[in-house]
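Notebook open, structure loaded. I'm jotting down what I looked up, in the order I looked.

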Amino acid sequence: MNNTAVATSGQETAAIERPHTLARVMTWELRRFRASRLLWVQALGFFSLLLPVTWATQRTSQFDFGSNGGSISGFVAGTSTLGLIHNLPTLLTLLVLLLPFIAADGVARDLQRRTYELIMTTALPIRAYVWGRYLVALLISLGLALLMLAAILGMGVLLHLTVPEYPLPSVKAAVLLWVGMVLPAVVLVTSLVFAIVTLLPRLSTVVKVVTLVAWIVGSVVIPPGLRDQIPPSWYVNWDPTSAVTALGILPQYSFSEARMAASESQFQDAFMAIENKMPLVGSWFGSHLVLAALGLVVVVVVSLAFKRSRDVLV
Amino acid sequence: MELTIDRLSKRYGQRWALHQLSLRCEPGMLGLVGPNGAGKTTLMRMVATLLEPTEGAILWNGQDLRVDAQVLRQVLGYLPQDFGIYPEFTGRQFLRYLAAMNGLPSSLIKRRVDEVLEIVSMEQHADRNLPTYSGGMKQRIGIAQALINDPELLIVDEPTAGLDPSERVRFRTLLASLTSNRIVLLSTHIITDVEAVAGRLVILQEGKVLVDTTPDGLLARAVGTVWSVTTDQATALQLQAKFQVSTMVNQQNGVALRIVSATRPHEAAIATDGSLEEAYLMAVDGQTARV
């Protein structure tokens, strides 16, 4: 160690400039994530998983309403509008399995690693710290959601080029459904998980597990029980998983033309005319955006409630 | 610059970790010592604005930190007893990160990081990932981050714990070189660290200031209270049970003891010069034997 040359900048930093503290927190948090191999592995793994899952959604099914009363084989294109209404909740569930691990520990990780004290004794404003960490978690979560959209559209185009009669995905419909179903869910989950764990860092693991279980119950366990009935409209509108929302949208698709089909070919043509029709987005779209806004409100509350000083770190 | 601690108290449940503690600090190093649980870390964390006092106030240049703690944070460097790192970063990136969080202008960050790396002699290792650092290197990066904003108040909590003897000596000499034109609060268990570098020594016990003096002043208080005697094993054990024994060495002619006691502990005991550690024992253990 150099014990004599105590170079200083004349305590010039006492008059510290504080430009764009929020941008600084975000920039460095992004650098930290960029330097982490785990994030890239997660993103690559997620994208690699979505491609075959999307491919698998171009399923062939037996339909029981042919002209002669028998069954007809046909397929719903997984990346058509109708296919996306069916499949987005499932793909969203895959995404939500990752979100708590990205969002939860933005602030809590500092407490667990004991880097918290180093940061909290700097002149960094507390709001910039909390919001910077949150916005980066949200950006990464939205980045994964965009990867999901890219995987859907990319695989849709690939299937269109390689599978006869497979319709070209409608970018407009895909983006609209992504905004209505995926975006609010990502904002809501990221915000809630971040907010709760920031205030209660000891409960980080519990919050992650509860979030995953609750989402799986809402998107996988409950909807099958509602399949043969009309789900209540409040549930359709306010279901953050969009699984029940999808059940509420499906009755908009009329299969009367397909019922008149005399052959599988006519049936598939009629079906293609139906499956890329845009449904009425109705009130669920607005409700989902309200859910996203609620998530942001929770983060605002947490940023106001968050205290720099604490008797116990974690 | 002046740090004033005014009747500061901190209570955890029913227990007072600090009680009505007052101190006034000016540039120079203040060594804070005391037994475990004396309240050293609690005091450090409160001054570092990481803990809120239950009662009392801390003032930086007359400004109450309860009103605006940012005035202190802008000029504060803090090295906690146990601190974490970002394993994704190299030493240089870690320092640049904390410089940015401190609000240093981008134009200054690179230069200042180079300066503090030079101060702690870590230029050669600055581009290695932090998890590959040894304990001593990590501690040096710790002090480098505490110096990144060229602080007026530097708080270091047990900085030499876990360092090997030569690292410890170098580290405390480094600390001594940092005392000009700033206040340095050094908390430690190791009395020799304070002896070597601090101009002022405060002993805390049970959350209160027991002694506020200089190392020489503490030594002066111990004059006539340190005794040496060489005796047989059985007598040595009796003396150990009855008095505060600071050293006990088996020799060919018996057991050589150094005893801290206000009264002559044994008829063969000879008064001798005490060390700072013995003076500390005298102060903390109630000036007399454990009878």
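I began with burial in chain B: 47% of its 291 residues are buried (20 or more other C-beta atoms within 10 Å of the residue's own; exposed is 12 or fewer, partly exposed is in between, and C-beta atoms are placed from the backbone). This is a predicted model, where local features need pLDDT of at least 70 and side-chain atom pairs count only at pLDDT 80 or more, while totals for chains, interfaces and linings use all residues. For my own bookkeeping, residues are numbered from 1 along each chain as its sequence is written, and chains are lettered from A and ligands numbered from 1 in the order written.

**Chain B, overall.** I noted ten helices and 14 strands (DSSP runs numbered from the N terminus: H or I of at least four residues for helices, E of at least two for strands). The C-alpha trace spans about 70 × 45 × 35 Å along its principal axes. I also looked up contacts (C-beta atoms, placed from the backbone, within 7 Å): of those between residues at least 6 apart in sequence, 68% join residues at least 24 apart.

**Chain B, strand 4.** I followed strand 4 (55–60) to its partners (strands pair if DSSP finds at least two bridges between them). Strand 1 (residues 3–12) pairs with strand 4 in the antiparallel sense over five bridges, and B:Ile5 stands opposite B:Ile58 there. Strand 5 also runs antiparallel to strand 4, joined by two bridges; B:Leu59 has B:Asp64 as its bridge partner. Strands 4 and 5 form a hairpin with two residues between them.

Most residues other than glycine have a negative phi. B:Asn61, in the turn of that hairpin, has a positive phi of about 50°. Is B:Asn61 buried or exposed? I get exposed, because B:Asn61 has 12 C-beta neighbours inside 10 Å. B:Asp150 also has a positive phi of about 50° without being a glycine, and I found it in the loop between helix 5 (135–147) and strand 7 (153–157). B:Asp150 has 24 C-beta neighbours inside 10 Å, so I logged B:Asp150 as buried.

**Chain A, one helix pair.** I checked helix 2 (residues 37–56) against helix 7 (residues 126–162): they pack at about 35° with axes 9 Å apart (axes are lines fitted to C-alpha atoms over the stretch in contact; angles run from 0 to 180 degrees between N-to-C directions). Residues making the contact include A:Phe46 and A:Trp55 of helix 2 and A:Leu144 and A:Met155 of helix 7.

How values were computed:
Contact = placed C-beta atoms within 7 Å.
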